[in-house]
Amino acid sequence: MALKRSSLPRTAEAVALAELRDAIVRGDLPPGAPIRQSAAAEELGLSVIPVREALKTLAGEGIVTYVPQRGYTVTELSPRSVDGIFRIRELLEGEAEANAAARMRPEDIAAMRTALEAQRAAVAAVDVQGAISGNRNFHFALLDRCDNEWMLRFIRQLWEALEPHRALAYRRAAAAGDAVRAEAILGEHEGIVAAFEQDDFPLALRLLAEHRTGGRSDFHRLLVVDAAPA
């Protein structure tokens with residue numbers, strides 16, 4: 001199941017929650033994958049109880065799904081779910097980005113540039129996890145400047161609901177040797193950070209909104225591939 005226990009001093013439930021979440025976000029547990037409580041507990045060196053409680057938390061966040069008599073699986077999104085998530089992201093992120101843009105410091109823009117270059121290097125090296133991390137770091141270098149922590153909390157939850165599917169998309173593209181969309185994303189990120197570097201915040205916010213629309217299309221294409229007959 002690709003779980004591992006870190007050495008940080010945390011409660012058993014916190015360990016289980018963090019490691020399960022990380023495995024899902026990395027794509028080690030892809031959408032639809034079953035999560036066996038006993039197997040997860042054994043890999044983490046824990047009893048089943050903290051694993052069960054962690055899974056309940058993840059189910060409450062929509063990251064895993066519980067089906068009676070079948071147990072937990074990593075949530076698989078439907079086109080309707082994707083539309084719902086992106087609609088809420090449009091509302092929350094649009095406001096959060098505007099709030100954050102007004103509070104941007106030179107070091108925040110530099111952090112966006114650094115994240116972009118790390119993402120660019122990861123794409124060139126076909127480093128899927130590095131590309132995903134670079135993408136997230138790029139966006140949250142901006143979003144973390146928003147001073148509404150409750151808004152950010154919901155935005156992070158929406159991102160995590162999408163991450164297993166994002167990881168699947170990146171891995172499929174890498175396996176197929178297809179870097180076209182990855183390069184396009186890099187180009188979009190370049191335009192966004194360049195606008196911030198030029199103090200053209202209205203342009204940056206418009207490009208971010210267009211980038212988000214493109215992201216919705218990416219997820220729909222992924223779901224179409226999953227639905228296609230073998």
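Mentor: Helices are DSSP runs of H or I with at least four residues, numbered from the N terminus. This is a predicted model, in which local features need pLDDT of at least 70, side-chain atom pairs count only at pLDDT 80 or more, and totals for chains, interfaces and linings use all residues. Residues are numbered from 1 along each chain as its sequence is written, and side-chain values use heavy atoms, with hydrogens and water left out.

Trainee: Which helix gives the largest share of the lining of the largest pocket?

Mentor: Helix 9 does, with nine residues. A pocket here is an open set of points on a 1 Å grid over the protein atoms alone, with protein on both sides within 12 Å along at least five of seven lines; lining residues have an atom within 4 Å of a point.

Trainee: What volume does the largest pocket have, and which residues lie nearest its centre?

Mentor: Its volume is about 770 Å³, taken as the space filled by probe spheres set on the points, which are joined across faces, edges and corners. Of the 34 lining residues, Ala169, Tyr170, Ala173, Arg181 and Ile185 lie nearest the centre.

Trainee: Changing topic, is Arg89 buried or exposed?

Mentor: Arg89 counts as buried because its relative accessibility is 5%, where buried means under 20% relative accessible area with a 1.4 Å probe, protein chains only. Arg89 lies in helix 4 (residues 79-101).

Trainee: What is Arg89 in contact with, leaving aside neighbours within four places in sequence?

Mentor: Arg89 is then in contact (heavy atoms within 4.5 Å) with Gly94, Leu158, Trp159, Leu162, Arg166 and Arg212.

Technical notes:
Helix = DSSP H or I, 4+ residues; strand = E, 2+ residues; numbered from the N terminus. Buried < 20%, exposed > 50% of the residue type's maximum accessible area, 1.4 Å probe, protein only. 1 Å grid on protein atoms, 1.4 Å probe; cavity = no way out; pocket = protein on both sides within 12 Å on 5 of 7 lines; lining within 4 Å.
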